[in-house]
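Dear colleague,

Please find below the structure that I am handing over to you. My findings follow it, and I would ask you to read them with the model open.

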Amino acid sequence: MDNVELTDAIADLAGLVGRVEETGERVYVTDGGEPTSVLLPAAELAELEHFAQRTPGGVRPRPGPGPGPGQPFGPDPQGPYIRYVHADGRRMTFVRDRVVVAELRSVAEIDWLEDRARTARQSYMPPKQAAAFEEFLARQGPVGDGVAWIADSWRCQQPFTRIEFIKGRTAEDVALAYGADAQDIADGLLLHQVEEQDAREGTDDLTRVLAFGEENGWTWLGYHGFDHAFSRPLDPPPEQQITLGATMAKAIYAFSYFEDGVYQNPFPVEDGAEDRRDMYELIWYTPGEAPFAPEAPLSFLNLHLRIAEKAGNWTDNIALFFEGLERAFGLALPRDAITTGNVRCARPARR
């Protein structure tokens, strides 16, 4: 990194710009030994601006250039370069043969741009690298039991008609927000206890409980939506929410995905209809065909479904779709615990 005192920089500005253009390195202009501004390649500034504007707003606003000493209006020749001074009198753009080659910005502004750009760069991959990495992830098997194992019984509305996965909230918090009984949660009520009580007392509470747990960083819920006892929106909306609903009598098997409360999966529009329902029916999925358009938010699911189809673990369409969800989101349900009833549950809160 080169440091040049302000008086020397003024004396040979064209030389400094030439050095930046030739080496691609920055030059820091100092005043009394303290860096105040940066002369950097125009391409580097363009890259910083590109990434910085893709970072969500922060608490620290972009530093202003501060009042400048004022400069004469119009292009100012500097050797082979033309200098254009911005309205603030401090920021400058240097052009040679009608091509921008260098920019002068304050140290504070460059620090601000780098701080914001760093966040966006960490999640950025070139398109080819991103595609290769996504395929690598898609080929990884599910962690734990996955969810495809439950597809067959779920289609028959057993053990639940609705299965939900929620990111960013604990299982207990979600269960309470859904209207589960706080005492059942505190007591650690288990699903098999409700089943045994039903058999003993001739009750039917098993169809009116909310089973819940946590797997792979997701809270999962399983329940029957017959009387809407647990169908409640979360406030604020969770980071991610996946809902699977089975209505055997109408042969409706639905999938919906929300991010921060925003619906993500558009569905095929049939017969020119323009109404937008709040679900994607799994009967629309045909193995070998991409269910989501390339520009759709859930287009990345197409790759995971293709990998699931090639793996050949399942032949049933719904199980295949569930395996695609396993691979895309890391979803899992504890198979032994659910089938033996050793999962936590709660009845609706008493009113």
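**A pair of packed helices**

Helix α10 passes helix α11 in a right-handed crossing. Please note that the model is a predicted one. Two packed helices are described by the angle between their axes and the distance between the axes. Here, α10 covers residues 300–311 and α11 covers residues 317–329; the angle at which they pack is about 120 degrees, and their axes are 8 Å apart. That angle makes α10 oblique to α11.

Which residues form the contact between α10 and α11? From α10 come Phe300, Leu301, His304, Leu305, Ile307, Ala308, Glu309 and Ala311, while α11 contributes Leu320, Phe321, Glu323, Gly324, Leu325, Arg327, Ala328 and Phe329.

**The chain as a whole**

The chain contains 12 helices and 15 strands. Of its 351 residues, 42% are buried. Among contacts with a separation of 6 or more, 62% are between residues 24 or more positions apart. The accessible surface of the chain is about 18900 Å², and carbon and sulfur atoms account for 52% of that surface.

Helix α2, which spans residues 13–23, has Leu13, Ala14, Leu16, Val17, Gly18 and Val20 as its buried residues. After α2 comes Gly24, with a positive phi near 75 degrees.

Ser37 belongs to strand β3, residues 34–41. Is Ser37 buried or exposed? Its relative accessible area is 14%, under the 20% limit, and therefore Ser37 counts as buried. Leaving out residues up to four places away in sequence, Ser37 touches Val27, Tyr28, Val29, Leu104, Arg105, Ser106 and Val107.

Glu259 lies in strand β12, residues 252–259. With a relative accessibility of 33%, Glu259 is classed as partly exposed. When neighbours within four places in sequence are set aside, Glu259 is in contact with Pro238, Glu239, Gln240 and Gln264. Glu259 and Pro237 are separated by 22 residues in sequence, and their C-alpha atoms are 8.2 Å apart in space.

**Backbone features in the loops**

Where are cis peptide bonds found? One runs from Gln158 to Pro159, with omega near -5 degrees. Pro159 is in the loop between α6 (151–155) and β8 (162–167). Another cis peptide bond joins Asp235 and Pro236, with omega about 0 degrees. Pro236 is placed in the loop between β10 (218–223) and β11 (240–247).

Arg98 has a positive phi near 65 degrees and sits in the loop between β6 (92–96) and β7 (99–106). At 81% relative accessibility, over the 50% limit, Arg98 therefore counts as exposed. Ala251 has a positive phi near 55 degrees and is found in the loop between β11 and β12. The relative accessible area of Ala251 is 40%, between the limits of 20% and 50%, so Ala251 is partly exposed.

Yours sincerely

How values were computed:
Residues are numbered from 1 along each chain as its sequence is written. This is a predicted model: local features need pLDDT of at least 70, side-chain atom pairs count only at pLDDT 80 or more; totals for chains, interfaces and linings use all residues. Side-chain values use heavy atoms; hydrogens and water are left out. Axes are lines fitted to C-alpha atoms, for helices over the stretch in contact, and angles run from 0 to 180 degrees between N-to-C directions. Helices (H or I, at least four residues) and strands (E, at least two) are DSSP runs, numbered from the N terminus. Angles under 35 degrees count as roughly parallel, over 145 as roughly antiparallel, 65 to 115 as roughly perpendicular and the rest as oblique. A crossing is left-handed if the near helix is turned anticlockwise from the far one by less than a right angle, and right-handed if clockwise. Contact means heavy atoms within 4.5 Å. Buried means under 20% relative accessible area, exposed over 50%, partly exposed in between (1.4 Å probe, protein chains only). Accessible areas come from the Shrake-Rupley method with a 1.4 Å probe; for residues, only the protein chains shown count as cover.
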